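The following paragraphs examine how the parts of this protein assembly meet. Please keep the sequence and the model in view while reading.

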Amino acid sequence: MAENYLHSVHVIKEACNGCVGCVKVCPTEAIRVRQGKAEIVATRCIDCGECIRRCPEHALVAKADALSGLQGYKYNVALATPSLYAQFNGNVPREAVWQGLKELGFDEIFDLSAASDYISAEIAQYLRQHAQGRKPLISSACPAVLRLIQVKFPELIKQVIPVLAPGEAAAVYKRSEVCQRMNLPREEVGIWFVTPCPAKGTNIHQSVDVKHSEVNGSISISSIFAQLSVAVAKIGDECKKQDKITTGSSYGIGWGAGGGEIKAAGITNALSVNGVREVYELLEQVSMNKMPDVDYVECYMCAGGCIGGPFAAENRFVAQKNLDKRIRRMQRLEPTDREAAMALNMNCPGFPTSEEYVKVLEPRPMMQLDDDITVAIKKLGEMEKVLTHLPGLDCGACGAPNCQSLAEDIVRGAAHETDCIFILKANVRKFAQGMIELATQIPLVNEHDDKNLAEKGSDKDETK
Amino acid sequence: MKVEYQVPGGDFDRAGEASANIKKLLQRIGIPADVIRRIAIGTYEGEMNCLIHAGGGRVVAEIEPEGTVIIISDQGPGIPDIQKAMQEGWSTAPDYVRAMGFGAGMGLPNMMKCSDDFNIQSKVGEGSTITMKFLYK
């Protein structure tokens, strides 16, 4: 993939009407409207999907792979996310969903909740080993949060735990397991996320948290849901005949929604925060060291957790209800002790530990005005000065999200003060007043000529 | 470059505004994240001191190419025994403030730890001024 592939969200220009809705909701101020169309500043986009949700014209979309991609591989494995199950009523057997995925073309399904169980145990262990030191530690599960930290909170990178996201770990495990069992070369096995998340797709091509992603592509839940739900409904109880596959515990399933991760890892002195604004505010407070007594924060960019992802098909509150029901049903059959319930499901010999595969998050600060600090400070001073001229209404009519961003664009040379509608109006008025003043200053000698000219003109009209 | 912020006394809704703004400015000049973190934390502690103990005050940031100087001043009650105030765990914060998770007596010691140079001037009845210097290195 190209090196400049930095985000999967993009604009369909023909559909965009330039309303600046997306510009205003973007947490990294990555969108501007230019010539009536939204444009994304690639280096700032973190694929949170907030603009996709906001756009009334559906002009903002995220790239995901099509099912036709499966044809490029001999053997295809679907990684079924807990949020996928949440699209179905809690009493629909997981086996029916797996069978449905097979009818769509997958050869094998891996239940991601199994990976979540392993990762939960790893998180708990990491926290035990790092009880001292900078607090709170921050979850590494949400790729959009990781990208937000890179761009806006690089000072928090040291607090992000070096643990793989369940999906990435599962892909590493599954590729070698399948290749060995089926005696296939690595490149002939396709591993696919079935996901509600646009950031997961980006992570495959430009990973922030894993040295090399073993995932080949991401299939959005919304793109296959119509087909899948019909298949699942038809399958019904038939699915019970299916071969047993490795599954996770109810705690692994819980990862699909906010709060599931800390519950599965058994961390009590922890916060569960989800939603763009909420996560942003929390990280701001963590970076001020406002909560050194909290051990861990689980952050998800989508409100509600993964079930709230832009590629989800079902309303997220319904999905939450579905997930809760599935968890309750599973817990009836599980040991009451959390660790015992999870251990019972850990049947993946050789499941990878993060240490070998995890990549240290790199800072990607995008706010600096110039590479030369002296020039940057000078520009910062100019920016503050420009800001005092701007109205401070943050109306967005200039195409930037707020006055501060416009000031920034101006000192970067990417915008002009008159892009501000209020400054433009003031300038027009000044200019018009100047015209009137000039008009009154036209020398009297000419006034006579003007009269003559006017009279001659009217004579002509009469003769016609 | 110099910027100045007023800190309103006792207004917890606006707690941390000055330090958040200063942090944003520093991100734009591209200094190391860890230095920004130290400046933000030090400034935040000072800002909270102003807000809790002194009925408000003023935060000034002088941003230069080699380092940033933060000056936090107030016309509050002043500190009778600076040495005591510098001890970890010593605090005069009222109960309602402690209930909000502040007043653990870590403010001044933290500010000293964060900064490369720390100076405090205080006179009972007149107020306090704290100067912190941070080098980018």
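Chain B and chain A bury about 2,300 Å² between them, and 59% of it lies on carbon and sulfur atoms; buried area here is the accessible area (1.4 Å probe) that two parts lose on being put together, summed over both. This is a predicted model, in which local features need pLDDT of at least 70 and side-chain atom pairs count only at pLDDT 80 or more, whereas totals for chains, interfaces and linings use all residues. Residues are numbered from 1 along each chain as its sequence is written, chains are lettered from A and ligands numbered from 1 in the order in which they are written, and side-chain values use heavy atoms, with hydrogens and water left out.

In terms of contact (heavy atoms within 4.5 Å), 23 residues of chain B meet 26 residues of chain A. The rule finds five salt bridges across this interface, a salt bridge being a side-chain nitrogen of Lys or Arg within 4 Å of a carboxyl oxygen of Asp or Glu. Lys158(A) and Asp34(B) form a salt bridge through their side chains, at 2.8 Å from N to O. On the side of chain B that touches chain A, the elements giving two or more residues are helix H1 (17-29) and helix H2 (33-53) of chain B; helices (H or I, at least four residues) and strands (E, at least two) are DSSP runs, numbered from the N terminus. H1(B) provides the largest share of that side, seven residues. By class, that side of chain B comprises 14 nonpolar, four polar and five charged residues, where Ala, Val, Leu, Ile, Met, Phe, Trp, Tyr, Cys and Pro count as nonpolar, Asp, Glu, Lys and Arg as charged, and the others, Gly among them, as polar.

Attention now turns to the interior of chain A. Its domain assignment gives domain 1 (9-62), domain 2 (67-357) and domain 3 (371-464), with bounds taken from an automatic or database domain assignment. Domain 1 and domain 3 of chain A bury about 790 Å² between them, 35% of it on carbon and sulfur atoms. Of the area that domain 1 buries against domain 3, Lys24(A), Arg32(A) and Arg34(A) supply 53%, more than any other three residues.

Three salt bridges are found across the interface of domain 1 and domain 3 of chain A. The side chains of Arg32(A) and Asp409(A) meet in a salt bridge of 2.6 Å, N to O. Helix H1 (21-25) and strand E2 (31-34) of chain A are the elements that give two or more residues to the side of domain 1 that touches domain 3, and E2(A) gives the most, with four residues. That side of domain 1 has four nonpolar, no polar and five charged residues.
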